Amino acid sequence: MLDRVAQVTKTGEATATLRHTMVERQLRPFDVTDVPLLERFLETPREIFLPDSLASLAYSDLAISVKGASGRKRNLLPPLVLARMLQSADVRAKDRVLDIGGVGYSSALLSGLAEEVVALECDSGLAACAKAGLAALGCENVQFELGPLEKGFAGGAPYDVIIVQGRVQAGLEALFEQLTPDGRLLAIVTPEPRAGQQVVRFERQDGRAAGELPLFSATAPVLDGFEQAPAFNL
């Protein structure tokens, strides 16, 4: 572990300038203005959540696809998309957050914004990489769970915020049940037929659905467990 921590420290120092450039040229021009959130992007090395072959892309403005041992893929959202998503979640210091499919990086960012974070992944290989990165960064308030993404983690509910790091076609019902009465859930969906994919904030008030707010356009592959069931033609 000490070797890993030393490696992360060395790597993180070497990429500090790249993180600063990412914040100034990608995030601030995209209306990311929340100062604590920007500081988290400055402090958190992204490359340690990537395989060595992709580390050089860590601070590009691209989505990055990583593959687990089982062949499952996860897309790290482009930094500017992730930043606006987290900013729109309005995470507060006392919040408990469920972060689904983020491959560790988003949970590391959230660990400095919320009181507690539960990170959920269904692929054991991706989970191992994410846990190693979070441990190396000392994110002690992040609890990592392995299980079906669409089922959330009821053992840690309720959550003030749930963030789904990918496109959702169906299957949010179990997650809505795990929100606090005034909680919010953010995911990439197609809010209307023929409309493009957008980040949408689903809100609850006094335990009831209180509306959906489309925020901005973003695209991502459908996340495992959130696929639309195939239709049957008679």
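I began with the largest cavity, which is lined by Arg46, Asn75, Leu76, Leu77, Leu82, Gly101, Gly102, Tyr105, Ser106 and Gln165. The model is predicted, so I noted the limits: local features need pLDDT of at least 70, side-chain atom pairs count only at pLDDT 80 or more, and totals for chains, interfaces and linings use all residues. Residues are numbered from 1 along each chain as its sequence is written, and side-chain values use heavy atoms, with hydrogens and water left out.

**Entry 1: cavities.** On a 1 Å grid over the protein atoms alone, a cavity is a set of points where a 1.4 Å probe fits but cannot get out; a pocket is an open set with protein on both sides within 12 Å along at least five of seven lines; lining residues have an atom within 4 Å of a point. Points are joined across faces, edges and corners, and a volume is the space filled by probe spheres set on them. I found two cavities of 30 Å³ or more. The largest cavity holds about 60 Å³. I sorted its lining into four nonpolar, five polar and one charged residues (nonpolar: Ala, Val, Leu, Ile, Met, Phe, Trp, Tyr, Cys and Pro; charged: Asp, Glu, Lys and Arg; polar: the others, Gly among them). At least two lining residues come from each of β2 (73-76) and α5 (105-111); helices (H or I, at least four residues) and strands (E, at least two) are DSSP runs, numbered from the N terminus.

The second largest cavity has about 30 Å³. Which strand gives the most to its lining? I found that β4 (residues 116-121) does, with three residues.

**Entry 2: pockets.** The largest pocket has about 180 Å³, and its lining includes Arg167, Leu172, Val189 and Phe202. I recorded five nonpolar, three polar and two charged residues there. For the second largest pocket I noted about 150 Å³. Helices α3 (35-43) and α4 (79-89) each supply at least two residues of that lining; Leu86 and Asp90 are among the lining residues.

Entry 3: I looked for nonpolar cores, meaning sets of buried Ala, Val, Leu, Ile, Met, Phe, Trp, Tyr and Cys residues joined through side-chain atoms within 4.5 Å. Buried means under 20% relative accessible area, exposed over 50%, and partly exposed in between (1.4 Å probe, protein chains only). The largest core has 50 residues, and those with the most contacts inside it are Leu27, Phe41, Val66 and Tyr105. Its largest share, seven residues, comes from α4. A second, separate core has 20 residues, including Val164 and Phe226. In α4 I found 10 of 11 residues buried, and just after this helix Asp90 takes a positive phi of about 55°.

**Entry 4: Asp224.** This residue is in the segment after β9 (208-217). Is Asp224 buried or partly exposed? Asp224 counts as partly exposed because its relative accessibility is 22%. Leaving aside neighbours within four places in sequence, I listed its contacts (heavy atoms within 4.5 Å) as Arg72, Arg74, Cys122, Leu149 and Glu150. I then checked polar contacts: pairs of N or O atoms within 3.5 Å, where within protein one must be able to donate a hydrogen and the other to accept it, and residues adjacent in sequence count only if both atoms are side-chain atoms. The Asp224 side chain makes one of 3.5 Å with the side chain of Arg72 and one of 2.9 Å with that of Arg74.
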